[in-house]
Amino acid sequence: METGYAKLQLEREAPLEKNLYFSSAFDLKNAEIHLRACGYPCRPVPLSKEEYFSEIKQEIGYVWWTARIGPLLPWEIAWEAQRILYRLTDCHGPGIRDQSGQEFYGIQIAPGFLSRATGDQLDALWEEFPHHSVQLGWEKYGKPDDFKKFFVFDKQEKEELEGIGMANSEKRFRTRDGKLSHSIEEIARQIRTEGMAYFRNGKQYLIGGMLFTFTDRDGMSLFTNGIFNLFVNGDRIGTFLPDVADRGSEIVAVEDHRYLPLSLPKSLRTYVANIRNQIGSGVCQCPSVRRSV
């Protein structure tokens, strides 16, 4: 699928009554993976550029980015949970403190999501988080009846959700206090081969609680999920290994049983567990493992 033009045909219990159209192979692959993870079987169909624009003009489907209008769909709930958790790992202190001095971090629910969500769907979004101590908060903004809505995490919860739970002092190339024992350039040289073996084309990885697919083309290493792109210097790819990277910067292979980020949304925790079980039994049916787009 060199051009990237394609459509996803959604099979039984489809969340959309029309097909989804893509002009990017990365977006197509990650949307297929995500929809399958949410329980919606789908089939990618390659299109020529002419076929793509012809079908779009006939309005027989949705372009990926304009599909998110109208009533909120079930698969969008997991997307929003991933976005919130991803943004939480980007928050750096200090957070907001209450009268007792307790520190909190709030991540705003996307306005486009909030404007379309029912009360039950907001509850479903809350249930995507791996624990139930997350609070749903409001902030008065501008007019008296104008509020922003947040998910609120206290400092301890935020720290528990970051990374894979390994302290820096437990990692390679570090002293007991967590400081690097060698220069980053020397470490990168020592583990480049190991990193290249761990990070492979078409495989899925977990970054900050979100699912990404890795590709390496012409020396450019890219992790993408169709919304966020992370470019990595290929010479330093080994420094992102789970037992080497700074806490919170780990990139974890889905099939790696040793590490599981606590910040995975519920739906993706189930998905990752299924993939691991299938890999362990030798009958993995994950689309990212058995074929590439």
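**Notebook: strands, helix packing and aromatic pairs**

I began at strand 13, where Val252 is the bridge partner of Leu206. I took helices (H or I, at least four residues) and strands (E, at least two) as DSSP runs, numbered from the N terminus. I counted two strands as paired if DSSP finds at least two bridges between them.

I noted that this is a predicted model, in which local features need pLDDT of at least 70 and side-chain atom pairs count only at pLDDT 80 or more, while totals for chains, interfaces and linings use all residues. Residues are numbered from 1 along each chain as its sequence is written, and side-chain values use heavy atoms, with hydrogens and water left out.

**Entry 1**

Strand 9 and strand 13 are antiparallel and share two bridges. Strand 9 (residues 204-207) is also joined to strand 10 by four bridges, again in the antiparallel sense. Within that pairing, Tyr205 has Phe212 of strand 10 as its bridge partner. Strand 10 in turn pairs with strand 11 (residues 220-224) over five antiparallel bridges, and there I found Thr215 opposite Leu222 of strand 11.

I then wrote down the whole arrangement: an open sheet of five strands in the order 12-11-10-9-13, with antiparallel pairing. Strand 12 (229-233) and strand 13 (252-253) are the edge strands, each pairing on one side only.

Six of the eight residues of strand 10 (residues 210-217) are buried.

Four strands form an open sheet in the order 3-1-2-4, with mixed pairing. Strand 3 (42-46) and strand 4 (61-63) each have a single partner strand, so one side of each lacks a neighbour in the sheet. Neighbouring strands here are turned by 25° against each other on average, direction ignored; axes are lines fitted to C-alpha atoms, for helices over the stretch in contact, and angles run from 0 to 180 degrees between N-to-C directions.

Strand 1 (residues 6-10) and strand 3 run antiparallel and are joined by five bridges. Helix 2 (residues 49-57) packs on this sheet and touches strand 1, strand 2 (19-22), strand 3 and strand 4, where contact means heavy atoms within 4.5 Å. The direction of helix 2 makes about 135° with that of strand 2.

**Entry 1: Lys7**

Lys7 lies in strand 1, and its bridge partner in strand 3 is Val45. The side chains of Lys7 and Glu55 are joined by a polar contact of 3.3 Å. For this term I used a pair of N or O atoms within 3.5 Å; within protein, one must be able to donate a hydrogen and the other to accept it, and residues adjacent in sequence count only if both atoms are side-chain atoms. Leaving aside residues up to four places away in sequence, the residues that Lys7 touches include Asn19, Tyr21, Arg43 and Leu47.

**Entry 2: aromatic rings**

I counted rings of Phe, Tyr and Trp (its six-membered ring) as a pair if their centres lie within 6.5 Å, with planes under 30 degrees apart as stacked, over 60 as edge-to-face and the rest as tilted. The structure holds 12 aromatic pairs. Tyr52 and Phe53 are edge-to-face, because their ring planes stand at 90°, with the centres 5.0 Å apart. Tyr52 is buried at 6% relative accessibility, whereas Phe53 is partly exposed at 37%. Tyr205 and Phe214 are also edge-to-face, with ring centres 6.3 Å apart and planes at 80°. Both Tyr205 and Phe214 are buried. I recorded one aromatic cluster formed by Tyr198, Phe199, Tyr205, Phe214 and Phe223.

**Entry 3: Ile109 and chain totals**

Ile109 lies in the loop between strand 6 (103-108) and helix 4 (111-114) and is buried, with a relative accessible area of 0%. Ile109 and Phe150 are 41 residues apart in sequence, yet their C-alpha atoms are 5.5 Å apart in space.

Of its 293 residues, 48% are buried. Among contacts between residues at least 6 apart in sequence, 63% join residues at least 24 apart.

How values were computed:
Buried means under 20% relative accessible area, exposed over 50%, partly exposed in between (1.4 Å probe, protein chains only).
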